[in-house]
Amino acid sequence: MPSVQQAAVSVPEQQAAVSVPEVDNEEVPQISLRDFETRREEIKQQLIDAASNIGFFTLVDHPIPLEHVDAAFALAERFFDLPMDVKQKTPWSAKNMGFEYQSQVRPSTGYPDPKESYQIGFRLDEEAERCWPAEGDCGGFREGVEKFKSEVRELSLKVMELLAEGVGLPTDTFTKGTLPVQPDCSDSMSTLRLLKYHDSTHQNFPPNYMRAGAHADFDVLTLLFQREGQDGLEVCPGREVSTEFGYGDKWTPVKVQRGAIVINVGDQLMRWSDDRLKSTFHRVRCPREGEYKGPRYSIAFFNQAARDAVIQGPNKAYPRITGGEFIAQAMQRNFDAAIAKAKLQTYEISQETIEANKGFEASGTGLAKPPLSSSAAPPPLAAA
């Protein structure tokens, strides 16, 4: 099994053209939080089994009301519908906050994902304040996003407590290590991210083109909310893959179910559990003929190790490393792999895409280009 340090490598040429089978007989486990207090040990075992064997699971019967999720998506849609120059008033920050447009590059593809995103963390400093849209531009946005972020945070704490106990660590190991108690959040690297994948109604994509290339998350635990009818997420179960980024391995579609939250283990948790819990490769494929091709919205909450948090599993299989050091190393590996992938030319890459891959900056969500200037026109879709 590849270690965390080996995960982000370029895809060899002979693997790039391999057809990727899909399977429908391996379902991502669904775990109910009903009667949480009385079923706590049962739920803990279900979480550990799912996180150990597949790395992905869905939560149902959770405490976040559906109307709150719907309201969060409505806020996201309102923000992304703003003119580009208004959204660019909250530019992406090196502290992993703000607005990005078609700038995240996956090492598995070498081109930017065709999407835009907005994310905000827990810091309360001046730079964080600049990342919020003005009330006059998007009224009620900050208040609504802050409330939803708090709800998701509370749910993630419950899940991480059970996972910590399940791998033999103190209950508060992952919660203290990812989400410091307010108001002291200067060390926090956790974020809530709103995403919009571009409308592809009139687009014809190559067979292996992805809305989000195959990748594993850097973080401890990701909670993902999706809209019904906007499928596309696929999982390569476990980390026992035979090829880098799961090329040629089995991919399982994760059908969107109203009210279900998709959760996955990240690289930090895989290391923190001495590789017992699996950080799983996943991707978002493009719609096919007959499927919904409009814009796709999702909301992700990344529980990420704080900068000074020390990551080491119960059996000390890996040396101690801080959250800040882990992310710095992961970003550098992704940067090197993405550049190598672009240079491999394993499939036709347009000159526009090559130019778009220059001048990377590293961010906690992957690789990012410097933000567009307010006067610049948005770049075209990568696969128009």
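**Why these labels?**

Author: Cys286 comes out as buried, with a relative accessibility of 7%. Keep in mind that this is a predicted model.

Reader: How many disulfides does a search of the whole structure find?

Author: It finds 0. To count, a pair of cysteine sulfur atoms would have to be within 2.5 Å, so with 0 found, there is no such pair in the model.

Reader: Where is Lys293 found, and why does Lys293 count as buried?

Author: Lys293 sits in the loop between strand E11 (281-285) and strand E12 (296-303). Its relative accessibility is 14%, which is under 20%, so Lys293 is buried. Residues touching Lys293 include Asp199, Arg211 and Pro287.

Reader: What makes the link between the side chains of Lys293 and Glu289 a polar contact?

Author: The distance is 2.8 Å, and the cut-off for a pair of N or O atoms is 3.5 Å, so this one qualifies.

Reader: How do you know that strands E8 and E11 pair?

Author: Pairing takes at least two bridges, and E8 (residues 233-236) and E11 have 4, so they pair, in the antiparallel sense. Val235 stands opposite His282 in E11. Both strands belong to an open sheet of 4 strands, in the order E6-E11-E8-E9.

Reader: What makes E6 and E9 the edge strands?

Author: Strand E6 (210-215) and strand E9 (252-253) each pair on one side only.

Note on methods. Residues numbered from 1 in each chain as written. Predicted model: local features only at pLDDT ≥ 70, side-chain atom pairs only at ≥ 80, totals over all residues. Heavy atoms only, no water. Buried < 20%, exposed > 50% of the residue type's maximum accessible area, 1.4 Å probe, protein only. Polar contact = N/O pair within 3.5 Å; in protein donor to acceptor, adjacent residues only side chain to side chain. Contact = heavy atoms within 4.5 Å. Lists of a residue's contacts leave out its neighbours within four places in sequence.
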